Amino acid sequence: MRNINLSLLGAPGAGKGTQAEIISEKYGIPAISTGAIIREEIASGSPLGETVKSYTQAGALVPDEVVIDIIKARLAKPDCENGFILDGFPRTVPQAEALCELGVEITDVISIEVADEDIMDRMAGRRVCKACGATFHTKFKPSPNGEKCTCGAELTRRADDDPEVVKSRLVIYHETTEPLKAFYEAKGLLKIVYGQEKLEDTTALTAAALEG
Ligand code: AMP
């Protein structure tokens, strides 16, 4: 089987994280979320966490050089040898160029497309576990434990899922991240998946895009 080095593009809340987890299970390759790594650093109070906190909480992108160092260290781990899924990286053209310079070959790029209005609705229901980082959605992916996580801890809304912050994250997405579609289209790697109301429908379309 070929190595899959996949990058998932898409607006915040388009479903990249959920699809990344599903593909990760299916192929036995790690799903790497730069956003999750950043949130862990912030929660641990590390110097890196302190550096990036103000950007992330305001819904802004963390500077390229910081996030490139994060991904470089993560991709050097042995579990990435047989493939990986990048959820939320690259988010700028310079980040994509940095991957090329590092000699990291991206084999597949899938952009999950969801209209901004639907993103706003979806983000309102998104929940994350403060203890283990698991993500849920009140409507699309409810926790079997109701208001609590499967690990038993409280579920909360991320500070950057606040509607005003989401609006500015969408502006940043369209201005800064969407140009990556043309970047990867030019390399013949881009596939588009239209995010569906039902999770399993998006999953089927994503699998077809990856395998087709
Ligand atoms: P996410 O969980 O993917 O929505 O990411 C949450 C936040 O982490 C983003 O709003 C950014 O502040 C930061 N972040 C994650 N990935 C990147 C990236 N590739 N470039 C810059 N900032 C990022």
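This is a predicted model: local features need pLDDT of at least 70, side-chain atom pairs count only at pLDDT 80 or more; totals for chains, interfaces and linings use all residues.
Helices, as the term is used here, are DSSP runs of at least four residues, numbered from the N terminus.

The shell around the ligand draws its largest share, 4 residues, from helix 2, which spans residues 34–44. There are 16 residues around the ligand, and those that come nearest are Thr34, Arg39, Ala60, Gly88 and Arg169. By class, the shell divides into 6 nonpolar, 5 polar and 5 charged residues.

The side chain of Thr56 places an N or O atom 3.0 Å from an oxygen atom of the ligand.

The loop between strand 3 (83–87) and helix 5 (93–101) contains Pro90. The peptide bond that joins Phe89 and Pro90 is cis, with omega at about -5°.

Is Ser46 buried or exposed? Ser46 counts as buried because its relative accessibility is 14%, and the cut-off for that class is under 20%. The side chain of Ser46 makes a polar contact with the side chain of Glu41, at 2.5 Å.

A separate feature to inspect is the second largest pocket, which holds about 190 Å³ of space. Its lining consists of Asn3, Asn5, Lys72, Leu75, Ala76, Lys77, Cys80, Glu81, Phe84, Leu102, Val104 and Glu105. Sorted by class, the lining has 6 nonpolar, 2 polar and 4 charged residues.

The last stop is Gly212, which is found in the segment after helix 9 (199–211). Gly212 has a relative accessible area of 81% and is therefore exposed, the cut-off for that class being over 50%. Between Gly212 and His174 the separation is 38 residues in sequence, and their C-alpha atoms are 27 Å apart in space.

Methods: Residues are numbered from 1 along each chain as its sequence is written. Side-chain values use heavy atoms; hydrogens and water are left out. On a 1 Å grid over the protein atoms alone, a cavity is a set of points where a 1.4 Å probe fits but cannot get out, and a pocket is an open set with protein on both sides within 12 Å along at least five of seven lines; lining residues have an atom within 4 Å of a point. Grid points are joined across faces, edges and corners, and a volume is the space filled by probe spheres set on the points. Ala, Val, Leu, Ile, Met, Phe, Trp, Tyr, Cys and Pro count as nonpolar, Asp, Glu, Lys and Arg as charged, and the others, Gly among them, as polar. A residue is near a molecule or strand if one of its heavy atoms lies within 4 Å of it. A polar contact is a pair of N or O atoms within 3.5 Å; within protein, one must be able to donate a hydrogen and the other to accept it, and residues adjacent in sequence count only if both atoms are side-chain atoms. Helices (H or I, at least four residues) and strands (E, at least two) are DSSP runs, numbered from the N terminus. Buried means under 20% relative accessible area, exposed over 50%, partly exposed in between (1.4 Å probe, protein chains only).
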